[in-house]
Amino acid sequence: MRAGKANEIRVQPAGNRRGRETIVCVPTYDILMAQMHDVDRFNRWAKTYDRHWMQRFLFGPVQATVLQLAEQAVERPAAILDVGCGTGLLLRSAAQRFPEAKLEGVDAAGEMVKQAMASGVGAAEVHFQQATAEALPFP
């Protein structure tokens, strides 16, 4: 897959032996509207997101496993970036497990970022900001 014009993606199927690409046109407006719809949905969920039943039964255990695997891979990370940090639950747990690490969280949904900032994690421990994965605010 490679990018073509602003609204097309060129794909070469794995079984294509002739080297021909398939051009898939994706209206840029539709992509932007879908992204905005997702962000709007998360903005609406922000105030109740941490209390949802899936936090206890799905997200919490997954996040604990992610942090455990991270600790096995890098015992003392210098920094951790959570892209799509939501309300900051993963980074709050990371702050306890990796107290010396610089913790950064970004999310496209501004209301999620507000909730993360109000979550009780000290400003010195975790820095949250609104940004997308496509345009991270780091050098």
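The model being predicted, local features need pLDDT of at least 70 and side-chain atom pairs count only at pLDDT 80 or more, while totals for chains, interfaces and linings use all residues. Residues are numbered from 1 along each chain as its sequence is written, and side-chain values use heavy atoms, with hydrogens and water left out.

On the overall layout, the chain has four helices and six strands, taken as DSSP runs (H or I of at least four residues for helices, E of at least two for strands) and numbered from the N terminus. Going along the sequence, the pattern reads β-β-β-α-α-β-α-β-α-β. The chain has 139 residues, and 22% of them count as buried, where buried is under 20% relative accessible area, exposed is over 50%, and partly exposed is in between (1.4 Å probe, protein chains only).

Three strands make up an open sheet in the order S4-S5-S6, with parallel pairing; two strands pair if DSSP finds at least two bridges between them. S4 and strand S6 (126-130) sit at the edges with a single partner strand each, so one side of each has no neighbour in the sheet. On average, neighbouring strands of this sheet are turned by 15° against each other, direction ignored. Axes here are lines fitted to C-alpha atoms, for helices over the stretch in contact, and angles run from 0 to 180 degrees between N-to-C directions. Between S4 and S5, the parallel pairing runs over five bridges, and Leu-81 has Glu-104 in S5 as its bridge partner.

Turning to charged pairs, a search of the whole structure turns up six salt bridges, each being a side-chain nitrogen of Lys or Arg within 4 Å of a carboxyl oxygen of Asp or Glu. One of them joins the side chains of Asp-38 and Arg-41 at 3.9 Å, N to O. Both residues belong to helix H1 (residues 28-45) and lie three residues apart, about one turn of the helix. Asp-38 is partly exposed at 36% relative accessible area, and Arg-41 is partly exposed at 29%.

Helix H4 (residues 110-117) holds another such pair, Glu-111 and Lys-114, again three residues apart, or about one turn of the helix. Their side chains meet at 3.1 Å, N to O. Glu-111 is partly exposed, with a relative accessible area of 28%, whereas Lys-114 counts as exposed at 52%.

The salt bridge of Arg-76 with Glu-100 has its closest N and O atoms 2.3 Å apart. This pair links distant parts of the chain, 24 residues apart: Arg-76 is in the loop between helix H2 (53-73) and strand S4 (79-83), and Glu-100 is in the loop between helix H3 (89-97) and strand S5 (102-107). Arg-76 and Glu-100 are both exposed.
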